[in-house]
Amino acid sequence: MNATAPVLPRYAIDGLPASWLAVPPPPTGFHHGELHFREARTDNGDIEMICEWMNRPHTAKGWEYDWPLERWDAHIKAQLRTGYSRPVVVEQHGRPIAYMEFYRMAQDIVGHHYEARPHDLSVHLAIADPADTGRGLGSRIIGEITEEFLDRDRACDAVVFEPDAANSASRKMIENNGASLLGEVRVRHRHIALYARVRDGRPLPRIGQPVRTASADIAAD
């Protein structure tokens with residue numbers, strides 16, 4: 001297993017062909033109106049800021065990533081060394097307001113539970129201030145990121161979401177942004193609902209073990 005795996009708890013690449021691992025990292029560094037989605041840096045205080053955010057009660061409950069600074073430092077740096085995931089700071093009018101992780105679902109543990117393709121993308125979102133929640137900001141971010149992914153990565157046919165199955169608010173937000181339910185699965189200790197927003201004309205992926213071979217890429221083209 002890759003040396004970065006212990007600090008990337010969901011990174012699961014055993015059995016993946018080399019062509020899947022050669023897929024570029026998720027796109028970052030774009031603007032939508034007053035929102036800027038930039039890659040987190042290791043030299044400007046981002047890691048300390050993210051660590052403090054993720055130890056707040058509302059983010060710790062949702063993510064279970066209430067880690068000490070040393071682990072967050074390792075986690076951010078490990079993401080930047082792989083093509084699997086990118087740590088992202090969301091800024092609004094230049095003010096940092098949220099932490100996100102953009103990731104390739106095929107290299108994630110959840111990608112073992114549906115027919116993942118090598119370019120499939122997904123996100124996790126943590127809004128830093130509880131006062132910024134409940135006002136449609138999260139739904140806007142998810143919608144804009146979905147469109148950006150499909151526009152910037154023309155090989156990406158599906159943006160996949162994995163809310164807790166019991167989180168009706170998250171599920172409604174995802175459904176309102178055009179994603180379709182694939183089904184519910186248990187991944188480790190979590191019971192999740194899998195959704196996908198697919199590119200026009202492409203079929204929905206199905207729940208089940210993916211075909212993780214280089215020839216599967218050719219068959220899908």
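# Close-up views of the predicted model

View 1: Arg-152 is partly exposed, with a relative accessible area of 43%. (Buried means under 20% relative accessible area, exposed over 50%, and partly exposed in between, with a 1.4 Å probe and protein chains only.) The model is predicted, so local features need pLDDT of at least 70 and side-chain atom pairs pLDDT 80 or more, while totals for chains, interfaces and linings use all residues. Residues are numbered from 1 along each chain as its sequence is written, and side-chain values use heavy atoms, leaving out hydrogens and water.

Arg-152 belongs to helix α5. (Helices, H or I with at least four residues, and strands, E with at least two, are DSSP runs numbered from the N terminus.) Which residues does Arg-152 contact, leaving aside neighbours within four places in sequence? They are Pro-27 and Phe-30. (Contact means heavy atoms within 4.5 Å.) Thr-28 is 124 residues away from Arg-152 in sequence, yet their C-alpha atoms are 9.6 Å apart in space.

**View 2: Aromatic rings.** The whole structure holds 11 aromatic pairs. (Rings of Phe, Tyr and Trp, the last by its six-membered ring, pair if their centres lie within 6.5 Å; planes under 30 degrees apart count as stacked, over 60 as edge-to-face and the rest as tilted.) Trp-63 and Tyr-99 make a tilted pair, because their ring centres are 5.7 Å apart and their planes stand at 45 degrees. Trp-63 sits in helix α3 (residues 57-63) and Tyr-99 in strand β4 (residues 95-104), so this pair ties together parts 36 residues apart in sequence. Trp-63 and Tyr-99 are both buried.

Tyr-65 and Trp-67 are stacked, because their centres lie 4.2 Å apart with planes at 20 degrees. Both of these residues are buried too. One aromatic cluster takes in Trp-63, Tyr-65, Trp-67, Trp-72 and Tyr-99. Arg-71 lies over the face of Trp-67, 3.9 Å from the ring centre. (A charge sits over a ring if NZ of Lys or CZ of Arg is within 6 Å of the ring centre and within 35 degrees of the ring normal.)

**View 3: Helix α2.** In helix α2 (residues 46-54), Asp-46, Ile-47, Ile-50, Cys-51, Trp-53 and Met-54 are buried. Seen down the axis, these residues fall within an arc of 160 degrees, so they line one face of the helix. (The arc is that of the directions from the helix axis to the C-beta atoms.) What do the buried residues of α2 pack against? Their partners are β2 (35-39), α3, α4 (69-80), β3 (85-92), β4 and β5 (121-127).

View 4: An open sheet of 8 strands runs in the order β1-β2-β3-β4-β5-β6-β8-β7, with mixed pairing. (Two strands pair if DSSP finds at least two bridges between them.) Its edge strands, β1 (30-32) and β7 (180-187), each pair on one side only. Neighbouring strands are turned by 30 degrees against each other on average, direction ignored. (Axes are lines fitted to C-alpha atoms, for helices over the stretch in contact, and angles run from 0 to 180 degrees between N-to-C directions.)

β5 and strand β6 (residues 158-161) pair in the parallel sense, over 2 bridges. Here Leu-121 faces Val-159 in β6. Helix α4 packs on the sheet and touches β2, β3 and β4, with its direction at about 55 degrees to that of β4. Helix α5 (residues 137-152) also packs on the sheet, where it touches β1, β2, β3, β4, β5, β6 and β8 (190-198). The direction of α5 makes about 155 degrees with that of β5.

**View 5: Strand β4 and its neighbours.** Of the 10 residues in β4, 8 are buried. β3 and β4 are antiparallel, paired over 8 bridges. Val-89 has Tyr-99 in β4 as its bridge partner. With 2 residues between them, β3 and β4 form a hairpin, and His-93 in the turn has a positive phi of about 55 degrees. On β5, 7 bridges join β4 in the antiparallel sense. Arg-104 stands opposite Leu-121 in β5.

**View 6: Positive phi in two loops.** Most residues other than glycine have a negative phi. Arg-188 has a positive phi of about 55 degrees although it is not a glycine. Arg-188 lies in the loop between β7 and β8. Is Arg-188 buried or exposed? Arg-188 is exposed, at a relative accessible area of 53%. The flanking strands β7 and β8 run antiparallel, joined by 7 bridges, and Leu-181 is paired with Tyr-195 in β8.

Glu-64 has a positive phi near 60 degrees. Its place is the loop between α3 and α4. Glu-64 is partly exposed, at 47% relative accessibility.

Terms used. Arc of directions from axis to C-beta.
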